[in-house]
Each structure stands twice: as structure tokens, then as C-alpha cells.
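Thanks for coming. Please look at the sequence and the model on the screen while I talk.

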Amino acid sequence: MRLVIQRSKEAKVTVDGEVTGSIDKGFVILVGVTHDDTEKDAAFLAEKAANLRVFEDDEGKMNLSLLDVGGEILSVSQFTLYGDCRKGRRPNFMDAAKPAHAETVYEAFNTFLAEKGIKVETGVFGAMMDVQLTNDGPVTLIVDSK
């Protein structure tokens with residue numbers, strides 16, 4: 001399982017012109033799932049995302065977590081995170097999980113975050129989405145479960 005975590009000041013996702021999720025301060029997380037990912041991977045990454053210390057404390061050091069600052073999460077499914085671009089000019093998506101499996105693991109990830117008391121907003125799984133955010137910092141991290 002792979003996450004791209006972007007610290008943001010505000011963000012929203014729209015599908016067909018309708019806002020399906022929006023947050024204030026927090027993370028925009030792009031979520032990719034591969035074939036052998038399980039709910040165990042989802043739980044590990046939910047714990048990691050909730051507790052990453054990437055928000056500034058009073059001294060300007062990245063020392064506070066999303067939980068510490070009361071941040072929110074905009075979670076967006078993103079199979080293209082498993083695009084392999086090493087050969088040719090068209091990405092190969094063979095490492096991306098099939099939609100039914102990916103959706104199950106993605107939903108588990110969002111549930112684990114919500115169980116920590118985090119407000120979680122989402123896009124629409126499998127839909128063409130427009131994601132807008134104000135990247136804060138910018139701070140962008142890639143986190144894998146394996």
C-alpha cells in the first residue's frame with residue numbers, strides 16, 4: 001500500500017462539478033493499493049499518517065502530529081501510484097490492485113483513520129476527480145506499508 005501525504009491548508013475534491021469532500025488544515029492523502037495489501041497494511045498506514053510529526057510546534061519545528069493539531073484528512077483513491085514508468089512511454093499499471101480489492105482496503109484505511117477521531121472526507125472511488133489543495137510548506141511525503 002502506498003500513500004502520498006501532502007500537508008495542506010485547505011483542500012477539496014469534486015466529481016462532475018459536485019464537491020464530494022473538503023477539509024481545512026490537515027492532509028490530502030492519495031492512496032494506492034496493490035494486489036497483496038490487506039487490512040493490516042491499512043491499519044499500519046492509518047497509524048503512521050495520524051502520528052507523523054510534520055506540523056510545527058511553537059518553536060517552528062516539525063514536532064506535532066495530525067492528532068496533536070486536530071487536523072482533517074481528504075483521502076483520495078489513486079491507482080496510478082502503482083504505475084511503472086521504467087519501460088516505454090506509457091505507464092504499466094499491473095501492480096495496481098483490481099478495483100474490488102482496492103476499494104475494500106481503501107475503505108478500511110479510511111475507517112481506521114475515523115476510529116482515531118479524525119474527520120475523513122473522500123472522493124468517489126474509481127471516478128474521475130478534480131482535487132484542489134493549498135500545499136502547506138510544501139510538505140509532501142511518500143509512505144509505503146512494505
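This is a predicted model: local features need pLDDT of at least 70, side-chain atom pairs count only at pLDDT 80 or more; totals for chains, interfaces and linings use all residues.

Residues are numbered from 1 along each chain as its sequence is written, and side-chain values use heavy atoms, with hydrogens and water left out.

First, the cores. A nonpolar core is a set of buried Ala, Val, Leu, Ile, Met, Phe, Trp, Tyr and Cys residues joined through side-chain atoms within 4.5 Å. Buried means under 20% relative accessible area, exposed over 50%, partly exposed in between (1.4 Å probe, protein chains only).

The largest core has 27 residues. Ile 5, Phe 27, Ile 29, Val 31 and Phe 109 touch the most other members. Helix H3 (99–115) is one of the elements that each supply at least two residues. H3 gives the largest share, six residues. Helices (H or I, at least four residues) and strands (E, at least two) are DSSP runs, numbered from the N terminus. A second, separate core has 11 residues, including Val 4 and Leu 81.

Now the charges. There are eight salt bridges. Each is a side-chain nitrogen of Lys or Arg within 4 Å of a carboxyl oxygen of Asp or Glu.

Which residue does Asp 37 pair with? Lys 146, at 3.4 Å between the closest N and O atoms. Asp 37 lies in the loop between S3 and H1 and Lys 146 in the segment after S8, so the bridge ties together parts 109 residues apart in sequence. Asp 37 is buried, at 1% relative accessibility. Lys 146 is exposed, at 62%.

Asp 41 also forms a salt bridge with Lys 146, at 2.7 Å, N to O.
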